[in-house]
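Colleague: Could you walk me through this model before we go on? I would like to ask about it piece by piece.
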Amino acid sequence: MYFMGEPVFIVDTMLGRVARWLRMLGYDTLYYKRIDDWRILKIAEEENRIIITRDRSLCNRALKRKLRCILLEHDTIEERLAFIAYKVGIRLFIDLDRSRCPVCNGELVRVSKDKVVDKVPKRVLEKHEDFWVCRRCGKVYWLGMHWRGIEETLRKSRAILSKWKERGLRV
Ligand SMILES: [Zn+2]
């Protein structure tokens, strides 16, 4: 199986954080807090999505149907993102012009400051010039106080990935 363009995902329940990260990184990612395994398999098949799960039996069922599945056995978000990058080559950099809304998977669009005047606190408006709005749910984003934490997580994740690429995954 091969993909035209960027990989798209469906993430199993309990992995909501992974789903939010994939969306921020710019990947079309479905996630439901509750969904039956058979529906995950059906959606993956119909929409050519890669399944991400911690459930080995779900992964085996997916592979039997010739679907792609990533079995996440690592526990930290840094390792999990690195593992997905190792398997399917996602980029571990955030570019908000390509990001999707972590809440709803909608596309973000960059807007001028005057479009968000009544939607963000005044102190944020004073400090920031760049804003993005979700086309679907309307949530506003900017490079705020969480940004350093996000960058730090991705920096660690990239370090893990390059270690695995150099020395092999099992070291
Ligand atoms: Zn949204």
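Colleague: To begin with, is Arg65 buried or exposed?

Modeller: Arg65 is exposed, because 12 other C-beta atoms lie within 10 Å; a residue is buried if 20 or more other C-beta atoms lie within 10 Å of its own, exposed if 12 or fewer, and partly exposed in between, with the C-beta atoms placed from the backbone. Please keep in mind that this is a predicted model, in which local features need pLDDT of at least 70, side-chain atom pairs count only at pLDDT 80 or more, and totals for chains, interfaces and linings use all residues. Residues are numbered from 1 along each chain as its sequence is written.

Colleague: Where is Arg65, and which residues is it in contact with, leaving aside neighbours within four places in sequence?

Modeller: Arg65 is found in the loop between H3 and S4, where H stands for a helix (a DSSP run of H or I, at least four residues) and S for a strand (a DSSP run of E, at least two), both numbered from the N terminus. Leaving aside its neighbours within four places in sequence, Arg65 is in contact with Leu41 and Glu45, and two residues are in contact if their C-beta atoms, placed from the backbone, lie within 7 Å.

Colleague: How do H2 and H3 pack?

Modeller: The angle between H2 and H3 is about 35 degrees and their axes are 11 Å apart; the axes are lines fitted to C-alpha atoms, for helices over the stretch in contact, and angles run from 0 to 180 degrees between N-to-C directions. The crossing of H2 and H3 is right-handed, and by definition a crossing is right-handed if the near helix is turned clockwise from the far one by less than a right angle, and left-handed if anticlockwise.

Colleague: Which residues meet there?

Modeller: From H2, Asp37, Ile40, Leu41 and Ala44 meet Leu58, Arg61 and Ala62 of H3. Sorted by class, this contact of H2 with H3 has five nonpolar, no polar and two charged residues, where Ala, Val, Leu, Ile, Met, Phe, Trp, Tyr, Cys and Pro count as nonpolar, Asp, Glu, Lys and Arg as charged, and the others, Gly among them, as polar.

Colleague: Changing topic, how many residues does the largest nonpolar core have?

Modeller: The largest nonpolar core has 30 residues, and those with the most contacts inside it are Phe9, Val11, Leu22, Ile51 and Ile52. A nonpolar core here is a set of buried Ala, Val, Leu, Ile, Met, Phe, Trp, Tyr and Cys residues joined through C-beta atoms within 7 Å. Several elements each supply at least two residues of this core, including strand S1 (9-11), helix H1 (16-24) and helix H6 (147-167), and H1 gives the most, with five residues.

Colleague: What do the buried residues of H1 pack against?

Modeller: They pack against S1, strand S2 (29-31), S3 and H4, and the buried residues of H1 are Val18, Ala19, Trp21, Leu22, Arg23 and Met24. After H1 comes Gly26, whose phi is positive, near 105 degrees.

Colleague: Which residues other than glycine have a positive phi?

Modeller: Among them are Asn48, with a positive phi of about 55 degrees, and Asn105, with phi near 75 degrees. Most residues other than glycine have a negative phi.

Colleague: Where are Asn48 and Asn105, and is each one buried or partly exposed?

Modeller: Asn48 is found in the loop between H2 and S3, and it counts as partly exposed because it has 15 C-beta neighbours inside 10 Å. Asn105 lies in the loop between H4 and strand S5 (108-111), and Asn105 is buried because 20 other C-beta atoms lie within 10 Å. Leaving aside neighbours within four places in sequence, Asn105 is in contact with Arg23, Asp28, Thr29, Leu30 and Arg100.

Colleague: One last topic: what does the domain assignment give?

Modeller: The assignment, which is automatic or taken from a database, gives domain 1 (9-95 + 145-167) and domain 2 (108-141). Taken over C-alpha atoms, the centres of domain 1 and domain 2 are separated by 28 Å.
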